[in-house]
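Please open the structure in your viewer and follow the stops below in turn.

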Amino acid sequence: MKAGKIIFFLLCLNLVSNLAIAAGPPTCPADVASDCASDSGEWKGEFFPDIPKIKYEGPSSKNHLSFKWYNAEEEILGRKMKDWMRFSVAFWHTFRGTGGDPFGAPTKMWPWEDGTNSLAMAKRRMRANFEFLNKLGVDKWCFHDRDIAPDGKTIEESNANLDEVVALAKELQGTKIHPLWGTAQLFHHPRYMHGGATSPELGVYAYSAAQVKKAMEVTHYLGGENYVFWGGREGYQTLLNTDMERELNHMARFMEAAVAYKKKIGFNGTLLIEPKPQEPTKHQYDWDAATAANFLRKYGLIDEFKLNIECNHATLAGHSCHHELETARINGILGNTDANTGDPQIGWDTDQFMMDVGEATLVMLSVIKNGGLAPGGFNFDAKLRRESTDVEDIFIAHVAGMDTLARGLRNAAKLIEDGSLAELVRKRYQSFDSEIGAQIEAGKGDFDMLEKKAMQWGEPKVSSAKQELAEMIFQAAI
Ligand code: XUL
Ligand code: CO
């Protein structure tokens, strides 16, 4: 054979063997076989060998693996940026997201994945999580029980799996890292098809309680600062077969039991309800912030819970994220933000990283007015697009998401320091700064007195809303 032919033959052989690897059942990745031992779940060397620790380089940097706006130690409005933001990585998207959708197969098979949902794989993934957090410079993470450890055949087996992975997570956390929040996944398994706390089946209600009990225990053990309830299946498909009143009463009883258990185990974290109007059910009971607040007030739970506002959930409910944050804030229950965004042309929960500086500025205006979110923070409940498949894309997405919110913080601070927007708002209501206005606001504005005043004053002068001026001031700051 001539040299050219030999090279061609070798190339073909290589292609065939690569195809065989791609098509065969994945075990330990072929190209890094020497780096891992699939039976122990151990992984030698780094998961992200090509990624350096991400640093702040300022807005003029062209390095996509650097922060341009997020400078953790810098003070804005008298507080370090890291303390305003309190960023967290969502384990389920970042380490369990595959890029699969209802029409297509997974597109992401990270080098450390072996294609199984084994305990060994769960531990290896946990190691990847902590290397990622350390390189990104983020000291909080969020998880569902079932993302981090495989489900077992019985509650006992699931709990044992969870304990094993949680023990490793505790060791890898060290002293600096801990969960922003933990939660129980009560929506994937078929037993939860009618809901968990709102299932008509008593056995499912009890199973849900057992799962939440354990998830609260491990969140507490790991030093978690909050615990989340997202009721993905707590809702209905049709009211023809649903006793909505009974289901809501059951959900309240479940939340009361969670409060009692939190106190029993000495968990001081905040309990958070995460509203979402629909998806996966047609109608979810925690529709939006106002609906969740009403539920909490009706059942006397308003002092025991706060809300976790997710921006993409806000838009699904027909609101802006700003509206949901403000609704939670003025009700005294803004506790956390699941920082993501939707797509204006798509009607479902796309869970994208927030990249719009205007949206981030509005979010930060609310957060500043709230005095921050602690012990809550910003959890990146966001995933890479299906078509983003490089390992470095995981870093790029988080860096861009962190920078966008950091830019929002800087802009919001500029707007607050400038004061002209606040002045515009103050002026709109200045007639209420009068003696009669103060009387009304103090609850002493009875109709007899108001009728007399209306007759005395005659036709009121109504001023311009100055919307375009407000928008001009806002745009100038971003
Ligand atoms: C689903 C969602 C969840 C919750 C936690 O839309 O946001 O991931 O944040 O269960
Ligand atoms: Co969420």
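In which loop is the place of Pro-280? Select Pro-280 and you will find it in the loop between strand S12 (270–273) and strand S13 (283–284), where strands are DSSP runs of at least two residues (E) and helices runs of at least four (H or I), numbered from the N terminus. The peptide bond that leads from Glu-279 into Pro-280 is cis, with omega near 15°.

Before going on, note that this is a predicted model, in which local features need pLDDT of at least 70 and side-chain atom pairs count only at pLDDT 80 or more, while totals for chains, interfaces and linings use all residues. Residues are numbered from 1 along each chain as its sequence is written, chains are lettered from A and ligands numbered from 1 in the order in which they are written, and side-chain values use heavy atoms, with hydrogens and water left out.

Next, select the cobalt ion (ligand 2), which is coordinated at 1.9 to 2.2 Å by Glu-274 (OE), Glu-310 (OE), Asp-338 (OD) and Asp-381 (OD); donors are N, O and S atoms within 2.8 Å of the metal (3.2 Å for Na, K and Ca), and water is not among the atoms, so sites may look incomplete. Glu-310 lies in strand S14 (residues 305–310) and Asp-381 in the loop between strand S16 (378–380) and helix H13 (391–418), so this pair ties together parts that are 71 residues apart in sequence.

Finally, select Arg-86, in the loop between helix H2 (81–85) and strand S7 (87–90); the phi of Arg-86, a residue other than glycine, is positive, near 50°.
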